[in-house]
Every structure is written in C-alpha cells, then in structure tokens.
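Good morning, everyone. Please take a moment to look at the sequence and the structure before I walk you through some of its parts.

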Amino acid sequence: MAALIAENFRFLSLFFKSKDVMIFNGLVALGTVGSEELFSVVAFNCPCSPARNYIYGLAAIGVPALALFLIGVIWNNHTWNLVAECHKRGTKNFSAAATFLLFGSIMGRASVAPITWSVISLLRGEAYICALSEFVKPSSLDKFPPEYGAEVLAKFPCRDVPANLTKFRDEVTRRLRYESQLFGWLLIGIVAVLVFLTKCLKHCCSPLSYRQEAYWAQYRSNEDKLFRRTAEVHSRILAAKNVKQFFGFVALDKEEKELVQEFPVEGVQPSPQWNAITGVYIYRENKGFPLYSRLHKWAKGVEGNGPTPEGHELLFLAS
C-alpha cells in the first residue's frame, strides 16, 4: 500500500514540465488577449433587450472560451498520444492516478487560452454589464422612478435611456463593472495559487533530480525536432523514388538531388515499429539506466510498459 501511494504521488509532477511550456502558455495568453480586444472592438454589440442581454453576454464570454479550449485540446500532442495508446494497447498499463493526471495535463494546458479570455472579458466588463443589467433590482437604486422596470434597465448598456435616468445608468454600470472586475481578479488569484501549488508539488514529488529533469526535457525536444526533420527528408526521398519508378524520371532541384545521393532510402518502416514509438510514454528505468522516450525504449529493445524483473518502472508521465 505504501509503495502504491508513493507511486501515485509521483504523478503530481505532470503539469508544468519545462520553461518551453511556460513560454508557450505565455504566448497563448498574449494571443488570447489580442483576440479578445479585437473581438470587443469589432464584434461585441449588446442587444439591449430583456431576455436577450443575458444570453448574449454569457455567449460572448463562454462560446469563445469553449472554442479556445477545444482548440487547445486538439493541438495538444498528449490528446492524440492518448487516443493512439487506447486504440493500440488500451489503458491496462495505467493506474487511475496516471489516467487522471494525464487528463489533467491535457485539460490544464488547454485551459490557458479560455481562462485568459474569461479574465480579460471580466476585467473589461462589457459582457458582464450587458448580461446582468436587467437583473438589477430597482429598489436598490435610491429614488429610482417606479414606472420604469427591467425593460429600461436592459437598455442601460446602450446608453439609450431617458435623460432623467442617466445618473442611475452610471450607477448601475459602475456597480456591475465593479462586480465583473472583482470576479476577474479573483479568477486570476485562484489560477495563480493553483499554478504555484502545482509547481511546488511537481518539484517535491518528482522522482528525478532537477538536472536530470532538465536533460529529459532537452532530449525530448531534440528528439522531436530531429525525428520531424528526418521524417520529412525520408518521405521526400521515398516519394522521389516512387515517382521515378512510375514516370521513369523525377524532376528534382539541386538540394533534393543532394539529399537523394547522400541518404539512400531502402524502404519504409513496418507498422509494428511505428506503433512501438507512438502513444503515451511513461518514464521508466531499465537496469538503473533511464529510458527517455518510446523511441529510446524501442532503440534499446525494451518491450512493453509494465514493470519487468530487470526494469524498474517509475511511472512518471512525459509532458
């Protein structure tokens, strides 16, 4: 039981893995801020109509946030690694903690843009004011004319009100903007605390030293760059050979001719090899030596994800 608890705690180091992730999240946040500003200037237009304000205001905050969240899930490599893992091998190699934290990693990274969108929307206040102006109780406004009701309050965001209601419109706008910005700052504080706690848990529970973890991040980045670059060259050379076989010749530029001459391609990798290097990777050690990726594990001839008599599995997910 103690070993199982210790193993599950090691998963808490999943979320923010490297400075590259932090930089990427920062760029996503900045891009979201710019998009929200553009949306507010160009697209946002409160209908100022009872029952429509609330739906439109919530949609202006929620729908773009939902779209950004789904885009974040789609762009995350973990999503498709998990799909490939479930399709090829199932989830038998993962404990409940591993599965939960893998989903947490995907959801956490995908939440950067929608949270940023929601925070900026709340700090600006237009959508919140539009959505809730009609729900302000007239009795909470000092000396508000009794002949006016929710229909007039709904028009406050558009400033299309009688002159004798101008001061009430300003008061309602100021009150709702205060609430909106308060929720925005609270959301920032909650997210900051969660990120801080996650970083602390990550460093406290990581089975790797700081330097080895940094090396692992560098290895994964370099392996991915070299793999993509080599795959692009390999596919180009293979395509050139097949086109030449079909037409009898192939029109190559100088750079492509040099590639064909320098890197002879005999064939393609069989599907089992592709399956072996595709999917969610769980960090493991074999006879005391770390295996940093599925490709590394395949190159060393280590099979499977489960623990073996000669291999010690640390169950530490790569981010």
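Let me begin with terms: helices (H or I, at least four residues) and strands (E, at least two) are DSSP runs, numbered from the N terminus, and the expected span of a helix is 1.5 Å times one less than its number of residues. What we have here is a predicted model, in which local features need pLDDT of at least 70 and side-chain atom pairs count only at pLDDT 80 or more, while totals for chains, interfaces and linings use all residues. Residues are numbered from 1 along each chain as its sequence is written, and side-chain values use heavy atoms, with hydrogens and water left out.

With that in place, helix 9, residues 166–205, has 40 residues and reaches 58 Å from its first C-alpha to its last, which is close to the 58 Å expected at 1.5 Å a residue. I will call a residue buried under 20% relative accessible area, exposed over 50%, and partly exposed in between, with a 1.4 Å probe and protein chains only. Among the buried residues of helix 9 are Phe168, Val172, Leu176 and Gly184.

Now to the cysteines, where a disulfide is a pair of cysteine sulfur atoms within 2.5 Å. How many disulfides does a search of the whole structure find? The search finds two. One joins Cys46 to Cys130, with 2.1 Å from S to S, and Cys46 sits in the loop between helix 2 and helix 3 while Cys130 is in helix 7, 84 residues apart. The torsion about the S-S bond of Cys46 and Cys130 is about 80°, so this disulfide is right-handed.

The other is formed by Cys48 and Cys158, whose sulfur atoms are 1.7 Å apart. Because Cys48 lies in the loop between helix 2 and helix 3 and Cys158 in the loop between helix 8 and helix 9, the pair ties together parts that are 110 residues apart in sequence. Cys48 counts as buried at 9% relative accessibility, whereas Cys158, with a relative accessible area of 37%, is partly exposed.

Finally, the strands, which pair if DSSP finds at least two bridges between them. Strand 1, residues 282–286, and strand 2, residues 289–291, pair in the antiparallel sense over three bridges, and Asn286 has Phe289 in strand 2 as its bridge partner. Two residues lie between the strands of this hairpin, in which Lys287 takes a positive phi near 55°. Five of the five residues of strand 1 are buried.
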